[in-house]
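Visitor: I would like to learn how to read a structure like this one. Please take me through it feature by feature.

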Amino acid sequence: MSDTRPLIVDSHLDLGANAIQINRDLLQPAATVRIHDAEPVMRSFGSCTVTFPELRRGKVGIIFGTVMSRLDPNDNWTRTGMWCQAQCHGVGRGHLAYYQALEREGVLQFIRNTEDLENVVTTWENPAADTPLGLVLAMESADPILDPDQVPEWYDLGLRMVSISHYGVSAYSHGTGTEGGLLPRAKLLLDAFKEVGIIVDLTHTTDQAFWEILDIYDGPVAASHHNCRALTPGQRQLTDEMIKAIIERNGVIGASFDSWMLDPNWQHEIPCYDQTSGATLETVVDHIDYICQMAGNTNHSGIGTDLDGGFGQEQAPRDLNTIADLQSLPTIFERRGYSDADIQRILSGNWIRLLKEVWST
């Protein structure tokens, strides 16, 4: 029977960190993982929403899976914050090794070029039960890259998109929760990215670093998991000027599903299980629609859920149980007057287009 549901591309999932740092078996359904999670894990990270069976149920056939570690000796929560870059590199290579093992098992297929991408898109038009999910290797915080000279090695391993920073101050830049810009090493790193064709992910930059990157880097840019500051105030969101700048550079902005970035009344000081999110999937579409209205088209919006990125179902839109519920989005867009072509661009087409453009140069 033909699968007429739209293909979905998710531009930001911390699958490696969930598997290794949190010790989740992502080959199981989310309900099974929730049973297996110890109480301290549930308290810190919430209820699991993303596993490979859930991705299949939601026809999320292409994912940007992250390598994620950063300099942060005070990180007692995610356990990806490290004392030195050598440790960050080790954690990052561990995440990569996890993805490589899953490719060996037939769960994943790395997407490194246009041919790979077109093959995955074709197979996911009507996937079989064992069709591999396509993986674009991304990096959240460039700290696992020991120095700019190592960029070609990471590229050969499959790395295709990198954010310079994460929370705090990285080896290359100030990031979320700090004030400041790029550090001296960043220019050489950006030059190395341009040389091999890596997309610079503007997520988790400070305002100053955001504009400094655009001033000195003329390669491809995107924002993998970002929302609109006009709708949800805070440094973590994009201003209207930032959104316009990404549009002008023909980039794509993936909508994040963290209630902190959707619900202005979300309270960090209260545990997620002691409050109820005011955000729904309609709220996510509000942010996407805001960007589309600003652009005057649907060419620059996408999905970058960040689900299970240090939070769980309790801090996601309250009408989302697992990532499979992304298939509720088309109906919401239809109600708002979006055409089938518009919906296809937002759910998958824009990220596919960006990758093809980068790899064709």
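**Overall form**

Guide: A compact globule of 361 residues would have a radius of gyration near 21 Å, and the protein has 19 Å, which agrees. The radius is taken over C-alpha atoms, and the globule rule is 2.2 Å times the number of residues to the power 0.38. This is a predicted model, in which local features need pLDDT of at least 70 and side-chain atom pairs count only at pLDDT 80 or more, while totals for chains, interfaces and linings use all residues. Residues are numbered from 1 along each chain as its sequence is written, and side-chain values use heavy atoms, with hydrogens and water left out.

Visitor: How many helices and strands are in the protein?

Guide: Helices (H or I, at least four residues) and strands (E, at least two) are DSSP runs, numbered from the N terminus. The protein has 13 helices and 11 strands.

Visitor: What percentage of the residues of the protein count as buried?

Guide: Buried means under 20% relative accessible area, exposed over 50%, and partly exposed in between (1.4 Å probe, protein chains only). Of the 361 residues, 60% count as buried. In strand S1 (residues 8-13), 6 of 6 residues are buried.

Visitor: Which strand does S1 pair with, and in the parallel or antiparallel sense?

Guide: Two strands pair if DSSP finds at least two bridges between them. S1 pairs with strand S2 (residues 60-68) in the parallel sense, over 4 bridges. Within this pair, Val-9 stands opposite Ile-62 in S2.

Visitor: How do side chains lie along a strand?

Guide: In a regular strand they alternate between the two faces of the sheet.
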